[in-house]
Amino acid sequence: MTMLLLDSLSKRYGALVVTDSFSFEVAQGEFVGILGPNGAGKTTLFNLIAGTVKPDTGTITFQSRDITREGAAARCRSGISRSFQIPHPFVGMTVFENVLVGATFGRKAEGSVDYAMQALELSGLSKKANQLAGSLPLLGRKRLELARALATEPRLLLLDEIAGGLTESECHELLDVLRQVHASGVTIVWIEHVVRALLSVAQRLVVVNFGKKIADGAPDKVMDSSEVKSVYLGEDALV
Ligand SMILES: Nc1ncnc2c1ncn2[C@@H]1O[C@H](COP(=O)(O)OP(=O)(O)OP(=O)(O)O)[C@@H](O)[C@H]1O
């Protein structure tokens, strides 16, 4: 069953076409990876889906509802949540308080404190709950991004480069968490430059270049495509 449908979505900034008649479908329960060179328009896609940027043309349908003109807060409450590539937590608030903000404002139902606690637990941050968010190192900040997104009780989770800068073992920990989240029924779309990490969990891979989709399909087939190799990866990218 289709959960998210982007139909001929376009967005330009001045003369720069950042999203170019982009169509994309995500089925309920999928784990989709998005790859593409810097500046390809990947984050803009998330901005369009999450509602922080409005498309010039095209439509976005989520769970059979046209949400193209809906605001970001409403989209979040209907189950779309995202992490940001560069974490910007409320540095003067504790880790728990940061997550509670997501749980309180991102959800419809009661029980925000419980949700915040669950999100912290799942993200491996329980022991740091009372620490100031500003004191967290990189892995902690990435976990916090994930926890804040999870606390909104998402049906669709958009992850923007959360593996970059992590050590091998930190990355494995993160992958375990993502597998758990996915197994709990959350649909995930993950933009990531750490190709090996992405390939270990994604069921489908989409490659973006100059705002256009240049490949979409089974990860091994996509990685094998000569267009993907020449446009983005280069022959040595998988070593
Ligand atoms: N608000 C904006 N105003 C003007 N140009 C923008 C704006 N947002 C993005 N762009 C430009 O659009 C292009 C795509 O940006 P985007 O952040 O979507 O790419 P990306 O694929 O996520 O890149 P990266 O992998 O480096 O994060 C870039 O050239 C960027 O400079």
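This is a selection-by-selection tour of a predicted model.

Residues are numbered from 1 along each chain as its sequence is written. Because the model is predicted, local features need pLDDT of at least 70 and side-chain atom pairs count only at pLDDT 80 or more, while totals for chains, interfaces and linings use all residues.

Stop 1: The shell holds Tyr-13, Leu-16, Val-18, Gly-36, Asn-38, Gly-39, Ala-40, Gly-41, Lys-42, Thr-43, Thr-44 and Gln-85. Strand E2 (16-27) and H1 are the elements that give two or more residues to this shell. Helices (H or I, at least four residues) and strands (E, at least two) are DSSP runs, numbered from the N terminus. H1 supplies the largest share, 3 residues. By class, the shell has 4 nonpolar, 7 polar and 1 charged; Ala, Val, Leu, Ile, Met, Phe, Trp, Tyr, Cys and Pro count as nonpolar, Asp, Glu, Lys and Arg as charged, and the others, Gly among them, as polar.

**Stop 2: helix H1.** Select residues 42-50. Of the 9 residues of H1, 8 are buried, so the helix is largely enclosed by the rest of the structure. A residue is buried if 20 or more other C-beta atoms lie within 10 Å of its own, exposed if 12 or fewer, and partly exposed in between, with C-beta atoms placed from the backbone. Among the buried residues are Lys-42, Phe-46 and Ile-49. Just after H1, Gly-51 has a positive phi of about 100°.

**Stop 3: the sheet.** Select the 6 strands of the open, mixed sheet, ordered E6-E7-E8-E3-E9-E10. Its edge strands, E6 (80-82) and E10 (212-217), each pair on one side only. Two strands pair if DSSP finds at least two bridges between them. Inside the sheet, E3 (residues 31-35) and E9 (residues 204-209) run parallel over 4 bridges. Leu-35 has Val-207 in E9 as its bridge partner.

**Stop 4: the core.** The largest nonpolar core has 61 residues, and Val-99, Ala-116, Ala-119, Ala-147 and Ile-188 touch the most other members. Such a core is a set of buried Ala, Val, Leu, Ile, Met, Phe, Trp, Tyr and Cys residues joined through C-beta atoms within 7 Å.

**Stop 5: two phi values.** Most residues other than glycine have a negative phi. Select Ser-8, in strand E1 (residues 2-13): its phi is positive, near 50°. Then select Gln-63, in the loop between E4 (57-62) and E5 (65-66), where phi is near 45°. Gln-63 is partly exposed, with 16 other C-beta atoms within 10 Å.

Definitions and conventions. A residue is near a molecule or strand if its C-beta atom, placed from the backbone, lies within 6 Å of it.
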